[in-house]
Amino acid sequence: MVGEEHDDHATIEDASPSGAVAPSPRRRQTLGRKVAFAAFTTAAFFLCLEGALRILLPSPGHAMEDPFVGFDGSSPVFTISHEDGEQIAKTSDAKRVWFNHQQFPVKKSPDTIRIVCLGGSTTFGRPFGDRTSFAGWLRGLLPRLAPDQRWEVINAGGVSYASYRVVRVMEELAAYDVDVFVVYTGQNEFLEWRTYGDPKEQDSSVGRLAHTFVRQTRLGGLIRSVVQNNSAGAAQADASDSRYRLPDEVDEMLNHSIGPKNYRRDHQWSDSVVKHFESNLERMCALSRDAGARLVFVSPISKLRDCAPFKSEFADHHDEATRAQLEGELERAVTLARAGEHGEALPVLDGILEQDNEHAGVHFL
């Protein structure tokens, strides 16, 4: 009787509500070990394969492709000429509108530290040129700092170049045995118009994982290359590439309008621009790492005191009465400020910001 009661009790515990017999703890443990072993074996296989491909295929290739935008054309910034039996890289004549004239030997001497400065107009040296740029100052001051060391400073700053263009220049120059990249970028990200995909897709963990695999691993790049080398696969890849296409050179929005009318508040687009910027910085890190170069990011300087926003807007959700009231309050604050009544103007501005925190002119004032 005792044995029968024990058997009945065991049968009830092992049965699921539907009547099916649940797996025993030992069986569950064995299954878990098998799954873990299979996952470990698979991961180890792909890690070994990726390591082998990185040795055999050192070039980043498609791994460094921009995931957000594509480009129509890729003319190089530097062209190679032969002088006295030596290869010399010179700024291409076609690029002299955006870049300073620079030249350097393709083969760097062993005792030289080669520094490449990248960025936009500040790196270029606008409104003057290379001699007054920070690259020019580096070129003049480094020999004083370490006179026994040979220095070579290359100014590769492009006028109006944003990070997605800077990274292309960096990719080109990474093949020239660079020791240090100095990058000054971040203030040209809104100069050119481009569209982005669905922000939900950008934030998708699965999508990011798939993109990382294809773009940042040798295995993913190899698979993509094989697919694109196939004629049918190439057509399919081209059709599936929905990235916005930018021209080979800068095409600022202001070139297509009178004044800043094309600049409108768009939080979704701004968020995508920031994600694109972050992606470009990560790509620069990967490029410098693959090239064996050190990387220095310079935080851009912003002087806001004497630089009022060129355009300001209240939020779109206000009705006409609220908008008129806010504009009237802003006009009153401006009048008080001009009269030197700053103590009276500040509470008015604070009151406006409580109702609308997006007006750049109110923040500046």
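Which residues does histidine 359 touch, not counting residues up to four places away in sequence?

Modeller: This is a predicted model, and in it histidine 359 touches Arg265, Ser312, Glu313, Phe314 and Leu330, once residues up to four places away in sequence are left out. Histidine 359 sits in the loop between helix H12 (342-355) and helix H13 (360-364), and its side chain reaches the backbone nitrogen of glycine 361 at 3.1 Å. Because its relative accessibility is 7%, under the 20% limit, histidine 359 counts as buried.

Turning to the charged pairs, the structure holds 18 salt bridges, and one of them joins the side chains of aspartate 66 and arginine 283, with N to O at 3.4 Å. Aspartate 66 belongs to the loop between helix H2 (25-56) and strand S1 (69-72), while arginine 283 belongs to helix H10 (residues 267-291), so this pair ties together parts that lie 217 residues apart in sequence. Both ends are buried, aspartate 66 at 3% relative accessibility and arginine 283 with a relative accessible area of 8%.

Another salt bridge is formed by glutamate 152 and arginine 114, whose closest N and O atoms are 2.3 Å apart. Here the link runs between strand S6 (residues 150-157), which holds glutamate 152, and strand S5 (residues 112-119), which holds arginine 114, the two being 38 residues apart. Glutamate 152 is buried, with a relative accessible area of 15%, and arginine 114 is buried as well, with a relative accessible area of 0%.

A further salt bridge brings together the side chains of arginine 168 and aspartate 248, at 3.5 Å from N to O. Since arginine 168 lies in helix H5 and aspartate 248 in the loop between strand S8 (244-247) and H10, the pair ties together parts that are 80 residues apart in sequence. Salt bridges with shared partners join Lys95, Arg168, Asp248 and Glu249 into one network, and within it aspartate 248 is buried at 16% relative accessibility. Helix H5 itself (residues 163-173) has nine of its eleven residues buried, so it is largely enclosed by the rest of the structure; the buried residues include Tyr164, Val167, Met170 and Leu173.

Finally, on the cysteines, a search of the whole structure finds zero disulfides. Cysteine 117 is buried at 0% relative accessibility, whereas cysteine 307 is partly exposed, with a relative accessible area of 45%.

Technical notes:
Residues numbered from 1 in each chain as written. Predicted model: local features only at pLDDT ≥ 70, side-chain atom pairs only at ≥ 80, totals over all residues. Heavy atoms only, no water. Helix = DSSP H or I, 4+ residues; strand = E, 2+ residues; numbered from the N terminus. Buried < 20%, exposed > 50% of the residue type's maximum accessible area, 1.4 Å probe, protein only. Polar contact = N/O pair within 3.5 Å; in protein donor to acceptor, adjacent residues only side chain to side chain. Contact = heavy atoms within 4.5 Å. Disulfide = S-S within 2.5 Å. Salt bridge = Lys/Arg side-chain N within 4 Å of Asp/Glu carboxyl O.
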